Amino acid sequence: MAKKYYAYLITSSNLKGICDNWEQCKNIVQGSKARYKSFKTKEEAENWLDSGAEYIKKDEVKKNLPDGIYFDAGTGRGIGVEVRVTFKDGISILHKCLAQNRINEFGNFLLPSGSTNNLGELVGIYCALEIALKEKIFNIYGDSSLVIDYWSKGFIKKDNVSPKTYDLALKVKAKRELFENIGGKINKISGDYNPADLGFHK
């Protein structure tokens, strides 16, 4: 089970914090007027607290998403690591990067058995960059801090990953440099609002 972080704000005292398990968070907020929420990363939890710990309706956020290309990887369907790349409408555009016979019935690319989710995110950003460069689209969005902040910039240790992952990271770095040289931007978005999301967030 993936680790989660629980951010809370006690509205009467403005006491706020982050717990790494629900029991601890529940003990703090119980009996108080509080807002609390779970997140995949500590950074997302901190951002929510810093922005006022407000609840936002997902549908409202999704309706107002900026134009661009969105990518994600996930195992939520239980068939292995899938990669999804979409515009803000959430409809797969992987056919703009991959042959149709490599795309499954869900519009996703299913990686070989044993692949990691991080490799999936790397494949996702690679495809997003390919499409963006071809179609002159200047914004890409994803929710993987590891891939956006490190691997796609070439910060990856050869000894810690498979040769396939390392080689792809170097290809992504080169494509990212081309993309950014023409004014492109790669942005982070919460998995809760990512139209390409494969985490099956509730």
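This report describes a predicted model, from its first sheet to its cores and selected residues.

## Basis

The model is predicted: local features need pLDDT of at least 70 and side-chain atom pairs count only at pLDDT 80 or more, while totals for chains, interfaces and linings use all residues. Residues are numbered from 1 along each chain as its sequence is written, and side-chain values use heavy atoms, with hydrogens and water left out.

Helices (H or I, at least four residues) and strands (E, at least two) are DSSP runs, numbered from the N terminus.

## The three-stranded sheet

Three strands form an open sheet in the order S2-S1-S3, with antiparallel pairing; two strands pair if DSSP finds at least two bridges between them. Strand S2 (15-19) and strand S3 (34-39) are the edge strands, each pairing on one side only. On average, neighbouring strands of this sheet are turned by 10 degrees against each other, direction ignored. Axes here are lines fitted to C-alpha atoms, for helices over the stretch in contact, and angles run from 0 to 180 degrees between N-to-C directions.

Strand S1 (residues 5-10) is antiparallel to S2 and is joined to S2 by five bridges. Opposite Tyr6 stands Cys19 in S2. Helix H1 (residues 22-29) packs on the sheet and touches S1, S2 and S3, where contact means heavy atoms within 4.5 Å. The direction of H1 makes about 5 degrees with that of S1. Helix H2 (residues 42-50) also lies across S1, S2 and S3, at about 15 degrees to S1.

Lys4 is in the segment before S1. With 40% relative accessibility, Lys4 counts as partly exposed; buried means under 20% relative accessible area, exposed over 50%, and partly exposed in between (1.4 Å probe, protein chains only). Leaving aside neighbours within four places in sequence, Lys4 is in contact with Cys19, Asp20, Ser38 and Phe39.

Glu46 belongs to helix H2 and is partly exposed, at 36% relative accessible area. Its C-alpha atom is separated by 28 Å from that of Phe138, 92 residues apart along the chain.

## The nonpolar cores

A nonpolar core is a set of buried Ala, Val, Leu, Ile, Met, Phe, Trp, Tyr and Cys residues joined through side-chain atoms within 4.5 Å. The largest one has 34 residues, and Ile69, Val85, Leu122, Val123, Ile125 and Ile140 have the most contacts inside it. Two or more residues come from each of strand S4 (69-74), strand S5 (82-86), helix H4 (117-135), helix H5 (145-150) and helix H6 (163-181). H4 gives the largest share, nine residues.

Beyond its neighbours within four places in sequence, Val123 is in contact with Val83, Phe109, Leu111 and Leu168. A second, separate core has eight residues, including Ala7, Leu9, Ala45 and Ala53.

Thr86 lies in strand S5 and is buried, with a relative accessible area of 0%. Leaving aside neighbours within four places in sequence, its contacts include Gly68, Ile69, Tyr70, Pro195 and Ala196.

The 19 residues of H6 should span 27 Å at 1.5 Å a residue, and this agrees with the 27 Å between its end C-alpha atoms; the expected span is 1.5 Å times one less than the number of residues. Among the buried residues of H6 are Thr165, Leu168, Val172, Lys175 and Phe179. Their cover includes H4, strand S7 (139-142), H5 and strand S8 (185-188). Just after H6, Gly183 takes a positive phi of about 100 degrees.
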